[in-house]
Amino acid sequence: MSNLDALDLARIQFAFTVSFHIIFPAITIGLASFLAVLEGCWLKTGNAVYKDLYHFWSKIFAVNFGMGVVSGLVMAYEFGTNWARFSDFAGSVTGPLLTYEVLTAFFLEAGFLGVMLFGWDRVGRKLHFFATIMVAIGTLISMFWILSSNSWMQTPQGIEIVDGRVVPMDWFRIVFNPSFPYRLAHMALAAFLSTALFVGASAAWHLLRGRDTPQVRKMLSMAMWMILVATPVQVVVGDAHGLNTLEHQPAKIAAIEGHWENIPGEASPLVLFGLPDMDAERTRYSLAVPYLGSLILTHSLDKQIPALKSFAKEDRPNSTIIFWSFRVMAGLGMLMLACALLALVLRRGGALYRNRLFLWFALLMGPSGLIALLAGWFTTEVGRQPWVVYGMLRTTQAASNHSATQMSITLALFVLIYFSVFTVGIGYMMRLVRKGPKTHEAHVLPEQPGQLATARRPLSVAD
C-alpha cells in the first residue's frame with residue numbers, strides 16, 4: 001500500500017465495505033418477497049410444499065438479514081470518519097434521506113420481523129401473512145430511500161449551495177431526481193434475479209445429489225420462472241437507464257464504451273472488447289461493430305455518442321475499470337436469459353429436473369446475480385468519478401484529513417474482521433442451504449399431539 005495515498009485508501013475501504021454489504025440487502029429484498037409469495041400460495045392452495053419452503057427459506061433469511069444490518073452500520077460511521085467534508089457539504093440532503101429510511105423501513109421491518117420468525121404457531125394465519133408482507137414492503141422501502149440518496153449524488157437537483165453547503169429547496173425534486181426511477185427499478189430487478197439464481201442453484205445442488213422431492217422441484221421451477229420474466233424486463237430497464245445516463249452523465253457512457261473520439265458525420269461504433277488505455281487515450285486491441293454504438297445508445301444511425309477526448313482529463317472516469325465491469329454485468333445477464341430459456345424448453349416431459357447438464361449450469365449460475373450486481377455498482381460508482389456529488393463536489397474535496405498510515409491500519413482491520421466474521425456467517429447460511437427443506441410433517445402445529453413443531457429459535461435448525 002506504499003504507493004497509495006490516504007484518499008486512495010479511503011476509497012478502497014469504502015468500496016470494500018459497500019461490496020461486502022450490498023450482497024446481503026439484495027438477497028434480503030428478494031427473499032422477503034419470495035417468502036410473502038410462498039405463504040400466500042400456501043394460504044390460497046393449502047399445498048404443504050409452499051409451507052415447507054417458507055420454513056426453510058425463513059431461516060436463511062434471518063441469518064442474511066442479521067449480516068446485512070451489521071455490515072450496513074459500518075458505512076454510516078465511514079461517512080463521518082473518512083468523508084467528513086462530504087458530510088459537511090451534502091449532509092443536509094443525505095442525512096434526512098437516510099433518516100427516513102430508518103423511520104419508515106427499518107422500524108417497519110424490525111416491528112414485524114419477530115412476528116414473522118417466531119409467530120407461526122402463536123398468531124393467526126392472516127396476521128402472520130400480514131407480518132410477512134410488511135417485512136417484504138419494509139425491505140423495498142429501505143431500498144427506495146437508499147437509492148434516492150445515492151441517485152441524488154449521481155444527478156443532484158432541488159438544492160442551492162449557500163456558503164459552501166447544500167441547502168434543500170425542493171424535497172420532491174431531491175427524492176425523485178432524474179436517475180432515481182431507473183436506478184430503483186434496475187436495483188429491484190437485480191435483487192430479485194440474484195435471489196432467484198440463488199434459490200435455483202440450491203435446488204439444482206439437491207437434485208444433483210439425488211434429492212428429488214416436491215419441495216426441491218418447486219424451488220427450481222419458481223426460480224426459473226422468475227428469471228425468465230425478470231431478465232427481459234431488466235434489459236428494457238437497463239436500456240432506459242443507459243439513455244438517462246447519456247443525458248445526465250455523458251462522460252460515464254463514453255468511458256463505459258471505451259470511445260475516445262468521433263469522426264465527423266460518422267455514426268459511433270460499439271466496442272465489444274478491448275483494453276482502454278487512459279494514458280495513451282485509446283482502446284487497444286479493440287473489436288468494434290460500426291454504427292451499433294449510435295443505434296443502441298441514441299436509437300438512431302446518424303447521432304454520435306460522446307467521446308472521452310471531448311472531456312478534460314481531470315473529468316474522465318476510469319474507462320479501464322468500467323469498460324469491463326459493464327461487460328461482466330451485461331454478459332452475465334445474457335447467460336441468465338439463456339438459463340431461463342433452456343429451462344423453458346426442458347420443462348416438457350419433466351426433463352427440467354433430470355437433465356444433469358442443465359442442473360450443473362443452474363448451479364454454476366448461482367452466484368452470477370450477485371457478481372452482476374457488484375459489477376453494476378462498480379460501473380455506477382467508478383463511472384461517477386471524479387465526483388462525489390456529480391458536477392458539484394469532487395472526491396478529492398470530500399475526504400477527511402487522515403494520513404495514509406491511519407487509513408492503511410483501518411483498512412487492514414476491516415479486511416481481517418470482515419473476512420473473519422462474515423465468512424463464518426456465510427458458511428453458516430450455506431450449511432442451512434445444504435440441509436434442504438424438510439417435509440411438511442415436521443411443521444405441523446403443536447396443538448396436534450405427538451407431532452413436531454417449527455423451531456421457535458430461527459437458527460436452531462443447524463443444531
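These legends walk through several close-up views of one predicted model.

Residue numbers count from 1 along each chain as its sequence is written, and side-chain values rest on heavy atoms, with hydrogens and water left out. Because the model is predicted, local features need pLDDT of at least 70 and side-chain atom pairs count only at pLDDT 80 or more, while totals for chains, interfaces and linings use all residues.

**View 1. The largest pocket and its lining.**
The largest pocket has a volume of about 1600 Å³. It is lined by 50 residues, and those closest to its centre are Phe14, Val18, His21, Met75 and Ile146. Here a pocket is an open set of points on a 1 Å grid over the protein atoms alone, where a 1.4 Å probe fits, with protein on both sides within 12 Å along at least five of seven lines; lining residues have an atom within 4 Å of a point. Grid points are joined across faces, edges and corners, and the volume is the space filled by probe spheres set on the points. Helices H1 (6-45), H2 (48-81), H3 (84-118), H4 (125-154) and H12 (368-384) each supply at least two lining residues, and H1 gives the most, with 12 residues. Element names follow DSSP runs numbered from the N terminus: helices are H or I with at least four residues, strands E with at least two. By class, this lining has 29 nonpolar, 16 polar and five charged residues.

Of its 46 lining residues, the closest to the centre are His186, Gly238, Phe326, Met329 and Ala330. Elements that give two or more residues to this lining include H4, helix H6 (180-208), helix H7 (214-248), strand E3 (270-277), helix H10 (319-346) and H12. The largest share, nine residues, comes from H7. The lining of the second largest pocket holds 23 nonpolar, 18 polar and five charged residues.

Gln234 sits in helix H7. Is this residue buried or exposed? With a relative accessibility of 12%, Gln234 counts as buried; on this scale buried means under 20% relative accessible area, exposed over 50%, and partly exposed in between (1.4 Å probe, protein chains only). The side chain of Gln234 meets that of His186 in a polar contact of 2.8 Å. A polar contact is a pair of N or O atoms within 3.5 Å; within protein, one must be able to donate a hydrogen and the other to accept it, and residues adjacent in sequence count only if both atoms are side-chain atoms. Not counting residues up to four places away in sequence, Gln234 touches Ala185, His186, Leu189, Ala190 and Leu193, where contact means heavy atoms within 4.5 Å.

**View 2. Glu381 in helix H12.**
Glu381 belongs to helix H12 and is buried, at 18% relative accessibility. Its side chain makes polar contacts with the side chains of Asn150, at 3.4 Å, and Arg384, at 2.8 Å. Leaving aside neighbours within four places in sequence, Glu381 is in contact with Asn150, Gln154 and Arg183.

**View 3. Asn318 and the start of H10.**
Asn318 lies in the loop between H9 and H10 and is partly exposed, at 31% relative accessibility. At the start of H10, a side-chain oxygen of Asn318 comes to within 3.0 Å of the backbone nitrogen of Thr320. Beyond neighbours within four places in sequence, Asn318 contacts Met278 and Val382. For H10 itself, the 28 residues should span 40 Å at 1.5 Å a residue, and the end C-alpha atoms are 40 Å apart, which agrees; the expected span is 1.5 Å times one less than the number of residues.

**View 4. Backbone details to check by eye.**
Tyr285, in strand E4 (residues 282-289), has a positive phi near 55° although it is not glycine, and is exposed with a relative accessible area of 69%. Tyr291, in the loop between E4 and H9, has a positive phi of about 70° and is partly exposed at 48%. The peptide bond from Gln385 to Pro386 is cis, with omega near 10°; Pro386 lies in the loop between H12 and strand E5 (387-389).

Notes: Ala, Val, Leu, Ile, Met, Phe, Trp, Tyr, Cys and Pro count as nonpolar, Asp, Glu, Lys and Arg as charged, and the others, Gly among them, as polar.
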